[in-house]
Amino acid sequence: MRPQHPLTYRLLRFLALILAGSIISQAFGCLAAYLIIHDSQAAGMVANIVVQHLSYYFLGCAFAILSIANILIKRGASPLKNIRLPLLMLMIAVAVASFLLIPRMDYLRETALIDGMPVMLSPFANYFQVLNILVLILLLTQIISSAIVAWRLCNSEST
């Protein structure tokens, strides 16, 4: 059975593949920052800036996919229901990392630098490390959920 809206499905697949590829590229960019820059604090700052700036693109793209999918679901394309949860997980992971955790980490970095020491030698080192691990977990969640969305949209074409 052919889908009713083949061009819209193609657009959804394209957006999902671009989103997944961009999130994976972001992860490689952050990894490259840590490998190229020898100062881990500076590398972390660069990686966090990359994550924060790309978050607007990721949220916009995920919102577009979710909106188009919801319109198609209302028109009877019920197989698209299975991309809602991973998209919502992706959007929450992007928002929490970029708008809650990274600004808090920036504040801790600035506070430590005002005291004349790197953040890993400050009294906030353990708290900063926990936040850094949470950001890494959320980045992994972004990769997995975007890959699931792309896989499900590509798989829905074949059924």
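Biologist: A disulfide here is a pair of cysteine sulfur atoms within 2.5 Å of each other, and how many disulfides does the structure hold?

Modeller: The structure holds zero disulfides. Before we go on, this is a predicted model, in which local features need pLDDT of at least 70 and side-chain atom pairs count only at pLDDT 80 or more, while totals for chains, interfaces and linings use all residues. Residues are numbered from 1 along each chain as its sequence is written, and side-chain values use heavy atoms, with hydrogens and water left out.

Biologist: Changing topic, what is the chain built from?

Modeller: The protein chain has four helices and zero strands, and along the sequence the pattern reads α-α-α-α. Helices (H or I, at least four residues) and strands (E, at least two) are DSSP runs, numbered from the N terminus. The C-alpha trace spans about 65 × 25 × 20 Å along its principal axes.

Biologist: What about α1, how far does it reach?

Modeller: Helix α1 has 31 residues and reaches 44 Å from its first C-alpha to its last, close to the expected 45 Å. That expected span is 1.5 Å times one less than the number of residues. Among the buried residues of α1 are Y9, L12, R13 and C30.

Biologist: How do α1 and α2 cross?

Modeller: The axes of α1 (residues 6–36) and α2 (residues 40–74) come within 9 Å and cross at roughly 170°. Axes are lines fitted to C-alpha atoms, for helices over the stretch in contact, and angles run from 0 to 180 degrees between N-to-C directions. Angles under 35 degrees count as roughly parallel, over 145 as roughly antiparallel, 65 to 115 as roughly perpendicular and the rest as oblique, and α1 and α2 are therefore roughly antiparallel to each other.

Biologist: Which kinds of residue make that contact?

Modeller: The contact of α1 with α2 has 26 nonpolar residues, five polar and no charged. Ala, Val, Leu, Ile, Met, Phe, Trp, Tyr, Cys and Pro count as nonpolar, Asp, Glu, Lys and Arg as charged, and the others, Gly among them, as polar.

Biologist: Where is I37, and is it buried or partly exposed?

Modeller: I37 sits in the loop between α1 and α2, and with a relative accessibility of 28% I37 counts as partly exposed. I37 and L136 are 99 residues apart along the chain, and their C-alpha atoms are separated by 18 Å.

Biologist: Last topic, what confidence does the chain get?

Modeller: The predictor's confidence in each residue is its pLDDT, from 0 to 100; the protein chain averages 92, and 96% of the residues score at least 70. Among the elements, helix α4 (residues 125–158) has the lowest mean pLDDT (92) and helix α3 (residues 84–114) the highest (95). Where pLDDT is low, the predicted coordinates should not be read in detail.

Notes: A disulfide is a pair of cysteine sulfur atoms within 2.5 Å. Buried means under 20% relative accessible area, exposed over 50%, partly exposed in between (1.4 Å probe, protein chains only).
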